[in-house]
Amino acid sequence: MYTIKLFLLIAPLVISSRIDQDSSSLDSVSPEPKSRFAMLDDVKILANGLLQLGHGLKDFVHKTKGQINDIFQKLNIFDQSFYDLSLQTNEIKEEEKELRRTTFKLQVKNEEVKNMSLDLNSKVESLLEEKILLQHKVRYLEDQLTNLIKNQPEIQEHPDITSLKTFVEQQDNSIRDLLQTVEEQYRQLNQQHSQIKEIENQLRRTGTQESTENASKPRVPRTTPSLHLNETRNVEHNDIPADCTVIYNRGDQTSGIYSIRASNSQVFNVYCDVKSGSSWTLIQHRIDGSQNFNETWENYRYGFGRLDGEFWLGLEKIYSIVKQSNYILRIELEDWNDNEYYIEYSFHLGDHETNYTLHLVEIAGNVPNALPEHEDLMFSTWDHKAKGHVNCPESYSGGWWCHDVCGENNLNGIYKKPKAKIKPERRGICWKSQNGRLYSIKSTKMLIHPIDSESSELTKAI
């Protein structure tokens with residue numbers, strides 16, 4: 001552009017100078033033919049300048065077109081980017097609206113859940129209040145009934161009633177005498193138990209010395225129990241058998257439900273499980289989870305369930321049986337792979353005042369022991385915690401002889417079927433031995449049998 005402007009300024013000056021020279025020459029000298037050639041040179045110079053100017057203009061046009069094309073490409077890119085950003089902005093706005101709607105719905109549901117929780121809490125509180133009121137009413141009715149019995153006026157009794165009362169009083173006196181005799185025998189047995197413990201300690205020390213001498217020999221399972229608290233054999237009351245062993249010895253050698261009368265208790269039914277030439281009294285059975293075992297202390301004390309299905313016999317009934325003699329406790333387990341296990345203990349069971357304390361000594365078995373030996377294990381439920389022992393929450397379910405950790409060993413826990421690719425849950429029927437393996441249980445049996453030669457033969461056969 002600058003070249004064009006310079007040429008336009010110079011060209012008139014050159015032409016005017018040539019005209020002045022020509023006019024001055026015309027005035028001084030006569031015209032000559034060679035002035036034509038001087039004008040032709042000027043035209044050539046002018047033509048050359050115009051040619052250069054054209055080339056400059058052509059280059060400038062080409063450069064300007066290239067710059068304009070670049071500007072248009074950048075504008076197209078900018079327009080596409082702006083369009084994409086606008087689309088993304090619209091999508092983000094739609095997602096934001098959806099999130100706001102979801103948040104609102106969640107807030108509404110949260111409020112509903114809070115309201116339901118408050119309603120449930122109020123209902124639970126009202127039920128607890130009703131329970132307390134019912135307990136007060138029951139106590140009041142019991143007091144009223146006691147007062148009525150005490151203040152009932154005497155009426156003319158029938159001679160048969162009088163003779164019956166006399167007979168009952170005589171029987172009551174006889175029972176009291178028997179109780180005194182039993183208490184005296186119990187004291188003597190306690191003395192014998194102390195002596196036996198001393199002898200056992202001596203034998204244990206002797207056995208320890210022998211074990212050091214025979215360390216290379218394999219360990220043989222114990223077949224002789226170390227607990228001998230009551231040497232009284234099973235007896236019958238009014239021709240009613242005392243346990244399943246007496247029934248078997250009478251000739252009833254099939255598994256089923258039978259009536260027994262153990263010690264001085266009332267008559268009750270038990271399930272007798274016949275196996276390998278002997279009959280065992282079944283005290284607990286789990287097979288399919290049809291019976292809820294998350295029961296109260298009272299129900300565990302007196303029993304629940306169906307003898308032909310799942311049941312718990314009852315701590316009082318078990319105690320009335322085992323206090324007649326020395327018994328074996330046998331536990332049979334089956335896992336979800338149909339593997340069967342068993343373990344046997346000689347044991348002692350305390351009464352209600354001791355929270356049915358269980359003391360175990362292992363005899364034999366093919367499953368690792370999971371219950372501590374030579375320790376007092378107290379029975380606990382969610383509504384009855386043994387003082388000084390572990391306090392397990394209600395969520396672990398089921399009454400059991402707890403010791404150190406909740407839920408590790410509990411055959412009365414929640415019946416849960418295993419799910420695929422999921423480890424067995426702790427809060428259920430489980431048997432965790434000292435080696436750390438946790439057995440998920442499909443079915444369980446707890447059986448008792450008096451210690452005699454037949455049970456020893458059964459243990460060896462199994």
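How many helices and strands are there in the chain? The chain contains seven helices and 13 strands, where helices (H or I, at least four residues) and strands (E, at least two) are DSSP runs numbered from the N terminus. The structure is a predicted model, in which local features need pLDDT of at least 70 and side-chain atom pairs count only at pLDDT 80 or more, while totals for chains, interfaces and linings use all residues. Residues are numbered from 1 along each chain as its sequence is written, and side-chain values use heavy atoms, with hydrogens and water left out.

The pLDDT, the predictor's confidence in each residue from 0 to 100, averages 77 over the chain, and 70% of the residues score at least 70. Where pLDDT is low, the predicted coordinates should not be read in detail.

Of the 462 residues in the chain, 29% are buried (under 20% relative accessible area, with exposed being over 50% and partly exposed in between; 1.4 Å probe, protein chains only). The largest nonpolar core has 56 residues; such a core is a set of buried Ala, Val, Leu, Ile, Met, Phe, Trp, Tyr and Cys residues joined through side-chain atoms within 4.5 Å. Strand E7 (residues 340–349) supplies the largest share of this core, six residues. The residues with the most contacts inside the core include Trp312, Phe347 and Trp431.

Ser443 lies in strand E13 (residues 438–450) and is buried, with a relative accessible area of 15%. Beyond its neighbours within four places in sequence, Ser443 is in contact with Arg286, Ile287, Glu332, Leu333 and Glu334. Leu333 is 110 residues from Ser443 along the chain, yet their C-alpha atoms are separated by 6.0 Å. Across the chain, 55% of the contacts between residues at least 6 apart in sequence join residues at least 24 apart.

The accessible surface of the chain, from the Shrake-Rupley method with a 1.4 Å probe and, for residues, only the protein chains shown counting as cover, comes to about 31800 Å². Carbon and sulfur atoms account for 55% of this surface.

Conventions:
Contact means heavy atoms within 4.5 Å.
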